[in-house]
Amino acid sequence: MKPPRIIDGERLSRVVDCGSGPAGPNADMYQGRLTVIGAVVPDPAASRIESHVEGHGPPVEYGGSGVACGSANNTALERLIAERVRMRWAR
């Protein structure tokens, strides 16, 4: 068994939803790629950051068609991206 994937100290399944299987959240069991698309939307009052996350991965332990992934309902990855961009701009 492989150790769970980690993003900023969190299990991947806490920030990305790839569904679940018999062994638990697929994001922790599958190995794949994530695509993150982000943009800063200018606004004179307060610009905002928009991001979109999607991915796909084949199973790590067994054959099959793999899974599609997207942002978890809690949008933790998007919040992390926004926080890092704000930190960078604050310098």
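Strand 6 and strand 7 form a hairpin, with 6 residues between them. Strand 6 covers residues 33-41 and strand 7 covers residues 48-57, and the two pair in the antiparallel sense over 9 bridges. Strands here are DSSP runs of E with at least two residues, helices are runs of H or I with at least four residues, and both are numbered from the N terminus. Two strands count as paired if DSSP finds at least two bridges between them. Strands of a sheet pair through backbone hydrogen bonds, either parallel or antiparallel.

Before we go further, a word on what you are looking at. This is a predicted model, in which local features need pLDDT of at least 70 and side-chain atom pairs count only at pLDDT 80 or more, while totals for chains, interfaces and linings use all residues. Residues are numbered from 1 along each chain as its sequence is written, and side-chain values use heavy atoms, with hydrogens and water left out. The pLDDT is the predictor's confidence in each residue, from 0 to 100. The protein averages 77, and 85% of the residues score at least 70. Where pLDDT is low, the predicted coordinates should not be read in detail.

His-56 is a handy landmark in strand 7: Arg-33 stands opposite His-56, and in strand 8 the bridge partner of His-56 is Ala-68. Strand 7 and strand 8 run antiparallel, joined by 4 bridges. Another pair to find is Glu-54, which stands opposite Gly-70 in strand 8. Together these strands belong to an open sheet of 4 strands in the order 3-8-7-6, with antiparallel pairing. Strand 3 and strand 6 are its edge strands, each pairing on one side only.

Along the sequence they follow the pattern β-β-α-β-β-β-α-β-β-β-α.

The link is right-handed, with 115° about the S-S bond. Cys-18 lies in the loop between strand 3 (16-17) and strand 4 (20-21) and Cys-69 in strand 8 (residues 67-71), so the pair ties together parts that are 51 residues apart in sequence. Buried means under 20% relative accessible area, exposed over 50%, and partly exposed in between, using a 1.4 Å probe and protein chains only. Cys-18 is buried at 8%, and Cys-69 also counts as buried at 14%. In the protein, buried residues make up 25% of the 91 residues.

Finally, turn to the largest pocket. A pocket is an open set of points on a 1 Å grid over the protein atoms alone, where a 1.4 Å probe fits, with protein on both sides within 12 Å along at least five of seven lines; lining residues have an atom within 4 Å of a point. The largest one holds about 150 Å³ of space, the volume being the space filled by probe spheres set on the points. Its lining has 11 residues, of which Glu-10, Val-15, Ala-76, Arg-79 and Leu-80 lie nearest its centre. Helix 1 (12-15) and helix 3 (76-90) are the elements that give two or more residues to this lining, and helix 3 gives the most, with 5 residues.

Key
Disulfide = S-S within 2.5 Å.
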